[in-house]
Amino acid sequence: MGIFSYMEKYDYEQLVICQDKQSGLKAVIAIHDTTLGPALGGTRMWTYASEEDAIEDALRLARGMTYKNAAAGLNLGGGKTVIIGDPKKDKNEEMFRAFGRYIQGLNGRYITAEDVGTTVEDMDIIYQETNYVTGISPAFGSSGNPSPVTAYGVYKGMKAAVKAAFGSDSLAGKTVAVQGVGNVAYHLCKHLHHEGAKLIVTDLNKEAVKRVVEEFQAKAVEIDDIYSVECDIYAPCALGATLNDQTIPKLKAKVIAGAANNQLKESRHGDVLHAMGIIYAPDYVINAGGVINVADELEGYNRERALKKVEGVYDNIERVLSISERDGIPSYKAADRLAEERIARMRNSRSQFLQNEHHILTRRSRM
């Protein structure tokens, strides 16, 4: 499918190709939808096999951000950037300064942030050229490390999913199998432990596992054993696609709620979970705490206010599960419907406003 055909099919607004010969910058900025507000989405730096792969990734990720921001209740649209290059070898100050100038040229239609392959330090360099960047150093009034806030949102969303499955949102006494105990999952485990949950954990990083075992009395298991353990909740917090044909039949959990992105290997796996009666908290809804947090920077960051907004992940998961029950559809489809309905309402509202303005101007011209 050609680029314009793809953009038309999924209703993209803009694709910007950026090049700076001196610094080696080759970047793609994709803006999917700005119905709710400026497009917000991070900058990813990666070694793509081809330029076409980079463009496809930017487009795919931008559309995902539209749904994530809409479902989170943010007045922001979806966008994403990919920079072609090895983040370990190809970075330089000139590159990010040049990129910042391209962002500035979009005049606020797109706001960027940290993503895979980029850092807070990179965002600080971009900030020298444009104000349309979040996730910069706290010295500039930013929110700092997003992991604890993301974890807090996952914790709140997990409670909402548990309420749907068990009738109460209490996690005391519940057994949670946590796959991956990196930065976000560590803070999630802290919340779960404080509420009295029992933890079963695994990770390739044995030191990370040891830390959680010692601090939160977790039980450690091997990587492949995490799917089949006796538990109430399975929390995927590492790589994506862990919900697949091989793992789903092993699950004994009644709830799936975790921080990882792209948890379903294929969409049909969400249908399988629904048919099995497992409550699945869609990943881009439950892990939205990070984007909610950085979005608060646009108002002048206030941590107390940001955390209050992140608590809304609980309500968002409840809404998704309510739509799932109302329409008899899997929760991953319900999440999309939640986002699409919000965008449609705003489009209709704006359309009605413009029609009213037109009628007023027409009447005045006849007077």
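**Exercise 1. Work out what share of the chain's residues count as buried, and how its overall dimensions compare with those of a globule.**

Solution. Of the 367 residues of the chain, 52% count as buried, where buried means under 20% relative accessible area, exposed over 50% and partly exposed in between, with a 1.4 Å probe and protein chains only. The model is a predicted one, in which local features need pLDDT of at least 70 and side-chain atom pairs count only at pLDDT 80 or more, while totals for chains, interfaces and linings use all residues. Residues are numbered from 1 along each chain as its sequence is written, and side-chain values use heavy atoms, with hydrogens and water left out.

The next step is the radius of gyration, which is taken over C-alpha atoms and compared with a globule rule of 2.2 Å times the number of residues to the power 0.38. For 367 residues, a compact globule would have a value near 21 Å, and the chain, with 22 Å, agrees. Along its principal axes the C-alpha trace spans about 70 × 55 × 45 Å.

The last step is contacts, where contact means heavy atoms within 4.5 Å. Among contacts in the chain with a separation of 6 or more, 63% are made by residues 24 or more positions apart.

**Exercise 2. Count the helices and strands of the chain, then check the span of helix H5 and how far it is enclosed.**

Solution. The chain has 13 helices and twelve strands; these are DSSP runs numbered from the N terminus, with helices being H or I of at least four residues and strands being E of at least two. Helix H5 covers residues 147–166, which is 20 residues. The expected span of a helix is 1.5 Å times one less than its number of residues, and H5 reaches 28 Å from its first C-alpha to its last, close to the 28 Å expected. Because 15 of its 20 residues are buried, H5 is largely enclosed by the rest of the structure. Just after H5, Gly 167 takes a positive phi of about 90°.

**Exercise 3. Find which residues of helix H3 are buried and what covers them.**

Solution. Helix H3, residues 93–105, has 13 residues that should span 18 Å at 1.5 Å a residue, and its end C-alpha atoms are 19 Å apart, which agrees. The buried residues of H3 are Met 95, Phe 96, Ala 98, Phe 99, Gly 100 and Ile 103. Their cover includes the strands E1 (14–20), E2 (25–33), E4 (43–46), E5 (77–84) and E6 (110–111), together with helix H4 (120–127).

**Exercise 4. Describe the surroundings of Cys 189 and decide whether it is buried or exposed.**

Solution. Cys 189 is found in helix H6, residues 183–195, and its relative accessibility of 0% means that it counts as buried. Leaving aside neighbours within four places in sequence, Cys 189 is in contact with Val 178, Val 181, Leu 199, Val 201, Val 212 and Phe 216. The C-alpha atoms of Cys 189 and Phe 216 are separated by 7.4 Å, although the two residues are 27 residues apart along the chain.
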